[in-house]
Each structure stands twice: as C-alpha cells, then as structure tokens.
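Subject: Handing over the structure

Hi there,

Here is the structure I promised to pass on to you. Have a look at it first, and then read on for what turned up.

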There are 2 protein chains.
Amino acid sequence: MLKLGAKLTMIQSLLQPDEIKARVERLQKFMLQEDIAAFLVTQHVDLYYLTGSMQAGFAFVPAVGDSTFYVRRSLARARQESCLKVEPMPSLRVFRSQLEKDYPGLFASETPIRIATEMDVLPAQTYWKLAEVIADNGHENNNITTNSSTINNIKTSGTIAGNTSSPASCSLVDGSSLIRRVRMIKSAWEIGRIEAAAAVVAEALEAAAHVLKEGITELELMARIEYEIRIRGHIGVMRTRSYNMEVLTGMLGSGEAAAIPSAFDGPAGGRGLGPAAPQSVSRKPILRGEPILIDIGCCIDGYVIDQTRTAVIGSLPDDLASAYAYTEAIIRESEQLMRPGTACDALYAAALKHVDKVGLAEHFMGFGTDQVKFLGHGIGLEVDEWPVLARSFKDPLEPGMVLAIEPKFTFPGRGVVGIENTYLITDKGFRALTQSPEGLIIIP
Amino acid sequence: MLKLGAKLTMIQSLLQPDEIKARVERLQKFMLQEDIAAFLVTQHVDLYYLTGSMQAGFAFVPAVGDSTFYVRRSLARARQESCLKVEPMPSLRVFRSQLEKDYPGLFASETPIRIATEMDVLPAQTYWKLAEVIADNGHENNNITTNSSTINNIKTSGTIAGNTSSPASCSLVDGSSLIRRVRMIKSAWEIGRIEAAAAVVAEALEAAAHVLKEGITELELMARIEYEIRIRGHIGVMRTRSYNMEVLTGMLGSGEAAAIPSAFDGPAGGRGLGPAAPQSVSRKPILRGEPILIDIGCCIDGYVIDQTRTAVIGSLPDDLASAYAYTEAIIRESEQLMRPGTACDALYAAALKHVDKVGLAEHFMGFGTDQVKFLGHGIGLEVDEWPVLARSFKDPLEPGMVLAIEPKFTFPGRGVVGIENTYLITDKGFRALTQSPEGLIIIP
C-alpha cells in the first residue's frame, strides 16, 4: 500500500525572486491608488505569498521601496526561504521605533499616513496591540481590553514606548480587499502549483476508487482518499480565510446524510461525525442506488484544488440522474461565458435562469432556506478566494483568475448530485485545470 | 486494510442539558465578577462548548438569565443539537433591536453596560461590524475600513439602524480570558471525550507501527498513522486558538529534519513539505539509528489528545539515549508536583533546574534562540488551552485541568528526543490520560 507508482507528483516549491517582486509591485500599485503608505502583513498565508516564507513575524511593505520581513522565529529559516530583507522582529514595544529607523522617509511625512493590515483575519486583540504600538488610533480604545484575570499572558495596557517619538500621525486601516485583489490574479508559477494539486487529487481518487463498495462507510472511503492525497504531498489542510470555516479535504457524503444542511458556507454540508464536527463524512454506510457526492481537494505547496464528482453503486433514480445531467449542462453554459470581461454575477444569473427553467430552483446550491447564494469561488492559497460568482460581484473576469464552479442540487432525505471543475481564465477564454474525467462515476 | 478490529472506539457525543447549564453558569459567575452584562459568543469552538452546536451564528449569554443562540444556518440543525433557546439570526442591522426585544431589562440599564466577546480570535473586521451594530464604541472608528475596492462584499460603513433607539450606553470588551478560564476546568464528560481520543491515538499508533521500516519517508509513516486515527473517528484537525497556528495531527520528524526550527510555537518544528507547509513531516527517508519523534494527537468529538513517543530503528547514540531518559525523568518529577495548589510555573522551573543540572539547558524545548519557553499546556477542545506551564502562569493547578507535558531535547543536525503525556489534575494529585506505553520504541 505504501508503494507509489511512477505518477507520484514531485514538486519544486521555493519561490523565485522575480515571482515575489511581481507580487509586491502589484500590491504597491494598489496601495498607491488607495493612498496607503505601507502594508503590515500579519497572516501566515499572506506572508508566504509576499515573502516566500511562512515563518512567524510581520512583513512591512512600503508603497514605494523595499520590503522587510521582521521575523520572530525561525529567523535562520526565513532567511533561507525569502528573497526579501529579513530582520529579527524586535519587541513589540519598540517596533514603531524600529520601523522609523528602517523607513525614515515614510514616518517623517508631514501629512497623516495610513498603514494597512488584514482586518478580515487579524484577531481584534492583536489589532489593538498593533494599533497601540504603531498607530495613533489605538490609544483611545484602551477600554477594549479590561479583564483583570490573573491568567492573562497577553497584556495590552501599560506604558507604550514605541510611538511617542514620532511626528507622523498614523492610522491602521483595513487592507484585506487590496491583498485579496492582488492574490486574485495568479501567475504562471501559481497555476503550475494548482495543476500539480489537480493531478494529485485525480490520481488519489483513482487509487482509492477500488474501496468504494456497498456497505463501506463515508468515513472509511474518505480516510482512504485522504491517505492517497496525503502520501502524494497534501499538506494536511485546505486553508480558508473565513472566520470559523474549516475545509480540510472537502466534503464527502452519500444519500440522505449528504443532504443534511450545515453551517458550512457551501452547497452541501453533510452529516459529519457529530455536533463538534458537523459537516462532511459520517459513519453512515454507503448504499446502492444513492448519490455519493465526492467534493474533495488537496493542498500542494500551499495551493489548493477543488473538485466534485458524483458516484453511485448501481444506478440513480431517474430524477436524480436528470438533475446530475443538468449540473453538467450548467458547467457547459458557464464555460460559454468564461472569458475576460464577463461579469462574475452573470455566471450565477445564467445558472439561476437554468435551474428555474428546469424547475429545480428550490434544490439548487442547498435546499430551501439553507441555500447558499453563489455558483463558484476563486481558489489559490485559500479555498475561499476572490472572485465569488455571486450577485454582489459585478466585476469582470480577468485573465489569471482561477475559479471553482460547482453547480449542485440537494434533495432532502435523498442526497446531493453535482459537479465541480476548476478553471483558469485566459486571454481568450478559459482552460480547465481539473484532470478527473467528467460524468457520473458508476460502480457496478 | 479497511477492516477494523473490535477495539474501534464508539462515541456518543450529544451534549446533555446539565452539562451545558453548568458551563453557562460558570461563565455567568465570572461575568458577574468582572461586571460584564452579557457575552456575545462568536467562535465555532466556543459556540459548541456553550450551546452544544457549531452551527453558524452568535450565542448571547446574559450574566443573569437564559441564553439565546441566534443561528444563521442551519437553524433546524442547531435546534436538534442545542438545548438552549435557538432563534433565527436577524439581519445584522437589526440585531441590536432584536437583543433589546429579547433582553429588555439588560438594555434598559441606566448605567453603561459591557458586552464581552472573544477578541483573541474574532477578526478585527467582524469586531468593527459588531461594534457598530451593537455597541456605541464602534462609531468613532469608521475610518478603519476605508477601502473603495469595488470587489468588496463586506461593507462596514453606511447607515446603522440598530442602536439609535437604545438608551443604554454599551461597549464591547474582551472576554477571551473569561471563556478560557471557564474552559480550563474540564467536566467528567469532557474528560471522557479526551480519554476516547487517547484510546484512538494509542490504537492507531499500534496499528501503524508495522510500516515503520528503514527507508520509509516521514510523510509515508505520518500518512499511515493519520489514516488509522481518521478511520477511528478523528475529525481531521486538531483545532487551535492562536492566530496562524496549525496543528492538524501533530508533528512527526526524524533525525536532522526533526531538529530544523520552525515558526510553530512548540519544542519541535520539523522540516515540513516546503516553505508553504514548513513544519512536521518531510519526504526525508527515515534512517537507522536516528531518533524519530512521533508527536501526534487526534480530535474525537471535538476533544483532542496530545502525546509524544520517540522511536528508533536499531539504537540511539549514547548521548541521545541519555537525553531521552532525562525527559522521562522530568516527566516523573512533574508528576511529583502535579496536585492542586502547585503553581503552574513551578513545573517549568523544576524542569529548567533539571536540564541545567544535566548540562542540556541549551537543547531543551528547541535549540538556542529557537527555544520555546514552556513545559506544557492545557488541552481540550483546542490544543493551545490554558493553563500554560510557563513563567508567566503563577496560578495554581486545579482539579479538572488537563495538561500535556512535553519535555524534549533538540540536537541540531541529529534530531529531537522526548516524551509527552496528557494528565488530569484530580482532587489529590493526577491521573494519566495517555494510554500508549512509555519508553523508547525500538524497531529491530
């Protein structure tokens, strides 16, 4: 079982200086447009994207000039991995003084400056600490952390030494959308990584398929698929950006268990293993004639793929087979629209029109009040990237976007059918990145 | 391979009303002490702890009276899982009005009221939205989200309807330490779940042991162990509370790869699969005579176990064998100190004294500048719970605390040796929850 065939995907993952340079420059362009003087990068995925390293620390990216990665640990490792300037992270109390030394021009500005950070992921407590130390809008809010607990190793009150010496008025502002917009357009290198992930998931699915027999539980089938993707280099998690969202390796569910709604912001939740793991697989045995939704992905070198195939042991009831065919039809229609210039919401609108026409609107992307309101989403280093194919996204598709499109129908008590492919938007149209063959997977 | 023996751990996980009631009451007691009028619970793990359900929404826990779980999705599922009052989550704009209707006494207070939330995990962006809607300290900070990006589906500006009608001055404050203190003391039910996880990891390690042979890669060994824990009900992740921290199933590393420092806030990082997954396993083959650190855990019904064993193919060099023996000696010394009343920092101090005496201080809990400054940590629903056995934790051990104690020595270029057991603090002393036998695992 531990022997792998020649198809084992071998991947080279050290980021080259040109790749990092291009990313930083694109961020800087947005920063100048938005009058942001600097970006303080805090999240590990954003750090990897902009520095080539996920070591612990903060990257400081000025709108003009060279960036610095201030690293707490491991400094030696960050220096091996990153082509940026890497310096030891000073104590937080003197971080502002250090920045003033390293970026004298920026902090000598006579007009107020704005430093952006990722407020969509940065915990409020860390935000307050940074605001107190770096910015001037932290002081008035000291009342925010007022617990007198003796078991409290994070203190935000006390004397702040960092910002008394500085002339520049400085505020921390939300740069989440800037960094999401930069990351939304993938480079050739990134597309290569997503393709490597697509190859792994396709191979793994094929390698695990033989265990899918009547009576095997959802958990057992998933464990085997996960084993096959892990051994090919899956890092163990598909990272997400949204608060409280967990994906891991996706969602696998059969029959009525797959149709159980969940908190998960996707078209299919699944029963899960209990109230503390209330999505994806359960211990339900897989039965003949029910749809088996295999919505899985993996993460190779930090980049994820996301795909769905539907399987059945025997055959599906006619109405579910028809519904599955509609999801392939929606994918084909989406492909017709996928080219630079098409508004993101147009793909969702077209799908809604389709499902309305075939009388399955109530079953589309979840059932009834548990429906989610999108057709697809960007993927890359995280599963929930931009753009989202939803009503609120009017922006046009652009070359370099990578989209997972996932039309699905939910039938309470019976199951979920659907398909999901990942696509790259190209100059003229699109290219499918998913490698698994389409079509209902039929096990005799 | 998919056939499991009779030892498969079957677990029942629906939380009983008495369990929830006791938890909520303990939180309310702390809230009264700290003059907190209500707790707005937002994080999925805290929601599960206090409501019995992880469905998406907010739980509102008043200092006095009954709690309400406001659920966005799935409402039906939350009603099945939770014994609290479950109501649909209204639009955020009218959330304050809804709270005023449901808790008229609380919001009619003539003195300012403080509502706590989990600022250690709540993203700043969500905090601002809640502060604008619920509290009165959100308005002055509208400048925090100023991006004019057209691709921005999270708006925090605009007319706020929720809090104009209310007389009570209300502020959002940090309640992280309150909830961490409540969760720090485990109930009998919780200890049962941790024991179930301990059984799973012990079984899995035994079931996977036969694949450990010279030349197998770290990744292959880990994939097999993960398969064995997954099939026994591991939910796929060991949850963490700290920003940017990922654990998944722990850390496995051999020889020099295990000794490579990382960003991970633990005594051993590991080489990992690349800069985007820079910890735990790599594709390095495991060699004869080098220490193999197997620091793994799993999550059953939401509860984690954390344990470490050291293995070797053949035998360890004498100095590493001695170092391993010292880690067992430190564990024995810790056991001597483990009883209610001992200060948490006393265990760490005793370990430091020990390693100083044997001349291995520089190797303890990481090497040199990459050392971490603790001996152990609380576990429960998350891997990084309170208390921490570190200098800053002066508080006494209490019955019901569950601690993972993990003395380890790092030898750069050679490997990491160590042991980790999980313990319950009892009325008179302690009880080991870890089930795997101690001692160096020797593969011929």
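In which sense do strand β8 and β9 of chain A pair, and over how many bridges? Strand β8 (residues 292–300) of chain A and β9(A) are antiparallel partners, joined over nine bridges.

Before going further, a word on what you are looking at. This is a predicted model, in which local features need pLDDT of at least 70 and side-chain atom pairs count only at pLDDT 80 or more, while totals for chains, interfaces and linings use all residues. Residues are numbered from 1 along each chain as its sequence is written, chains are lettered from A and ligands numbered from 1 in the order in which they are written, and side-chain values use heavy atoms, with hydrogens and water left out.

**The strand pair you started with**

Helices (H or I, at least four residues) and strands (E, at least two) are DSSP runs, numbered from the N terminus, and two strands pair if DSSP finds at least two bridges between them. β8(A) and β9(A) make a hairpin with two residues between them, and A:D301 in the turn has a positive phi of about 55 degrees. Within the pair, A:C299 has A:V304 of β9(A) as its bridge partner.

"Buried" here means under 20% relative accessible area, "exposed" over 50%, and "partly exposed" in between (1.4 Å probe, protein chains only). Strand β9 (residues 303–313) of chain A has 11 of its 11 residues buried, so it is largely enclosed by the rest of the structure. A:Y303, A:I305, A:Q307, A:R309, A:A311 and A:I313 point one way from β9(A), A:V304, A:D306, A:T308, A:T310 and A:V312 point the other way, and all are buried. β9(A) also runs parallel to strand β17 (residues 441–443) of chain A, with three bridges joining them; there A:I313 stands opposite A:I443.

**The two chains and the overall build**

How are the two copies related? The same surface serves both copies, as 99% of the contact residues of chain B recur in chain A (contact means heavy atoms within 4.5 Å).

Chain A has 12 helices and 17 strands. Of its 444 residues, 66% are buried. Among contacts in chain A between residues at least 6 apart in sequence, 70% join residues at least 24 apart.

**A sheet in chain A**

Five strands of chain A form an open sheet with antiparallel pairing, in the order β11-β10-β12-β15-β16. β11 (385–390) and β16 (430–432) of chain A stand at the edges with a single partner strand each, so one side of each lacks a neighbour in the sheet. Inside the sheet, strand β10 (residues 374–378) and strand β12 (residues 402–405) of chain A are antiparallel over three bridges, and A:H377 has A:A404 as its bridge partner. Helix α11 (residues 318–337) of chain A packs on this sheet, touching β10, β12, β15 (421–425) and β16 of chain A, and its direction makes about 5 degrees with that of β15(A) (axes are lines fitted to C-alpha atoms, for helices over the stretch in contact, and angles run from 0 to 180 degrees between N-to-C directions).

**A sheet and a helix in chain B**

In chain B, six strands form an open sheet of mixed pairing, ordered β4-β3-β2-β1-β5-β6. β4 (85–88) and β6 (170–174) of chain B are at the edges, each with a single partner strand, so one side of each is left without a neighbour in the sheet. Strand β1 (residues 38–41) and strand β2 (residues 56–62) of chain B are antiparallel over four bridges, with B:F39 partnered by B:V61.

Helix α2 (residues 44–51) of chain B has eight of its eight residues buried, so it is largely enclosed by the rest of the structure. Just after α2(B), B:G52 takes a positive phi of about 90 degrees.

**Cysteines**

The structure holds zero disulfides over all chains (a disulfide is a pair of cysteine sulfur atoms within 2.5 Å). For B:C299, the nearest cysteine sulfur is that of B:C298, 7.5 Å away. B:C299 is buried, with a relative accessible area of 0%, whereas A:C83 is partly exposed at 38%.

Enjoy exploring!

Best wishes
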